[in-house]
Amino acid sequence: LTIVMTIVLRSRRQIRNKSWERLPILKRIWYRLVDCSKSGLITILVLFVQILVSLTHWDAYLVRTIAQLMNGNVESVGLVCLFPHLLTSPMATLTLELALPLLVACLFAIAVGLGELVNRWMTWRSKRSKSGFSHFNSDDFSDVDESSQLVLQVESMGTEAPKAHSVDYPAFALVTSNTLAIFQFFYFGTSLAATEFFFASVQAHTGLKYVQALPWMLYDDARSLRAVSIPWLVIVVIGFPLAFIGLAFRIRHKVTSPVVTSYVGSLFARYRLRVFWWEIVNVLKKLIIALLLRGIPPSNPLQTALITVVLGAPMLVQVAVRPWKRFEENVMDPVASILLILSLGASNSVSSTRTFVVYYMVMTLDGLFVLALVGLIVHQLVTGKPEYQRLWEIAFGKSEALLDDFEFLDPKVRGLKPTLQQITANSP
């Protein structure tokens with residue numbers, strides 16, 4: 001991980017002064033991977049799997065394990081076999097689920113810090129080696145006359161490597177961007193875990209209160225678990241969307257600023273400039289679905305109806321505003337919402353009809369949809385033009401029409417003939 005963060009820091013600080021055709025093959029692969037990581041298809045895939053595994057029950061153990069890990073649930077990995085006394089406790093399991101995003105963010109922050117140290121050491125070593133070539137030993141020219149010495153010195157200075165220039169990119173910007181992406185990734189799972197013990201159901205015959213999500217646990221016995229969940233409920237579950245809304249309102253006129261894109265660009269880099277705030281819709285959709293799953297029992301038809309509304313209303317708005325940058329992303333996002341609604345209905349039909357025909361048919365469609373998303377991601381990775389190549393063509397006038405693909409460019413830069421340094425300085 002430290003090696004990856006070191007490469008990321010070096011690549012974001014380097015000025016792209018070589019054409020795409022002159023880059024080594026490893027750098028081409030790296031830039032393609034970086035460009036692929038910004039694809040909205042990955043966001044759609046992650047959101048689809050996270051919600052699907054909570055609305056349905058997948059029978060395949062490997063698929064279920066991977067899907068639950070995406071929601072921060074580590075029970076399916078089998079760690080309880082290695083730590084039976086630790087992970088069999090509800091308190092330990094809840095603490096691990098809540099602290100997992102923070103642990104991953106700290107791990108990435110440490111890796112970025114180590115990568116920054118490695119970069120500084122490499123820069124110091126490079127400067128030291130260059131300073132050694134810039135000095136001449138007079139003993140090497142002891143047998144040469146003064147005019148010949150001058151000629152040799154000028155020729156040597158001409159072959160000296162030029163002074164390296166770099167783009168200012170602080171390591172803290174990478175830490176901030178990684179932290180936001182990590183909390184964004186685990187937000188749905190954290191919301192499910194933090195709200196798990198706050199909703200109760202009353203048993204009809206005895207009048208006892210049980211935890212809604214865990215009907216075998218008495219509501220009063222979960223008092224300590226609710227106390228542990230309160231800080232995460234306030235700071236992460238409620239605080240994250242509120243902070244995001246406030247941030248979007250504050251930077252609404254500075255979205256194209258290089259500083260803004262460096263620090264928080266991971267939140268809106270996949271969306272068009274006029275709807276850069278669309279990630280708020282996805283975050284609120286995760287929060288509301290988590291509350292409905294925890295607060296209303298699956299046997300209540302109201303749960304299915306409200307979840308259908310939560311999935312369907314943003315889908316209609318999405319079709320109208322088309323927030324994603326690519327055409328296929330604007331197509332696959334509504335398809336994902338439709339499949340989630342169908343999956344929810346198929347899962348409920350199993351309990352009412354006791355037949356699995358419809359359920360397996362919808363699950364097959366879900367699997368084909370996931371494979372289609374993976375195929376499109378691979379297709380973009382292999383055949384799509386990386387951002388490096390497109391920016392180079394814009395800078396040298398080979399494809400001025402591609403300027404429309406980079407709405408983050410400052411309007412003054414778009415009106416003039418932008419240089420490559422101007423474009424890379426404004427690129428997220």
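**Reading burial and patches**

Mentor: This is a predicted model. We start with K18, which counts as partly exposed because its relative accessibility is 38%, and partly exposed lies between under 20% for buried and over 50% for exposed.

Trainee: Where does K18 lie?

Mentor: K18 sits in the loop that runs between helix 1 (2–13) and helix 2 (25–37).

Trainee: Is C36 buried or exposed?

Mentor: Buried means under 20% relative accessible area. C36 has 12%, so C36 is buried. Its place is in helix 2.

Trainee: Which residues is C36 in contact with, leaving aside its neighbours within four places in sequence?

Mentor: A contact is a matter of heavy atoms within 4.5 Å. By that rule, C36 touches I42, I377 and L381. Take I377: in sequence, 341 residues separate I377 from C36, yet their C-alpha atoms are 7.2 Å apart in space.

Trainee: Which residues make the nonpolar surface patch?

Mentor: I238, L242, I245, L284 and I288 make a patch of about 410 Å². Helix 10 (223–250) and helix 12 (279–295) each give at least two of the patch residues. Helix 10 has the largest share, with three residues.

Trainee: How is I245 classed by its relative accessible area?

Mentor: A patch residue needs over 30% relative accessible area. I245, in helix 10, has 37%, so I245 is classed as partly exposed.

Methods:
Residues numbered from 1 in each chain as written. Predicted model: local features only at pLDDT ≥ 70, side-chain atom pairs only at ≥ 80, totals over all residues. Heavy atoms only, no water. Helix = DSSP H or I, 4+ residues; strand = E, 2+ residues; numbered from the N terminus. Buried < 20%, exposed > 50% of the residue type's maximum accessible area, 1.4 Å probe, protein only. Patch = residues over 30% accessible without salt bridge, like charges linked within 9 Å, V, L, I, M, F, W, Y side chains within 5 Å. Areas by Shrake-Rupley, 256 points an atom, 1.4 Å probe, with all protein chains shown as cover. Salt bridge = Lys/Arg side-chain N within 4 Å of Asp/Glu carboxyl O.
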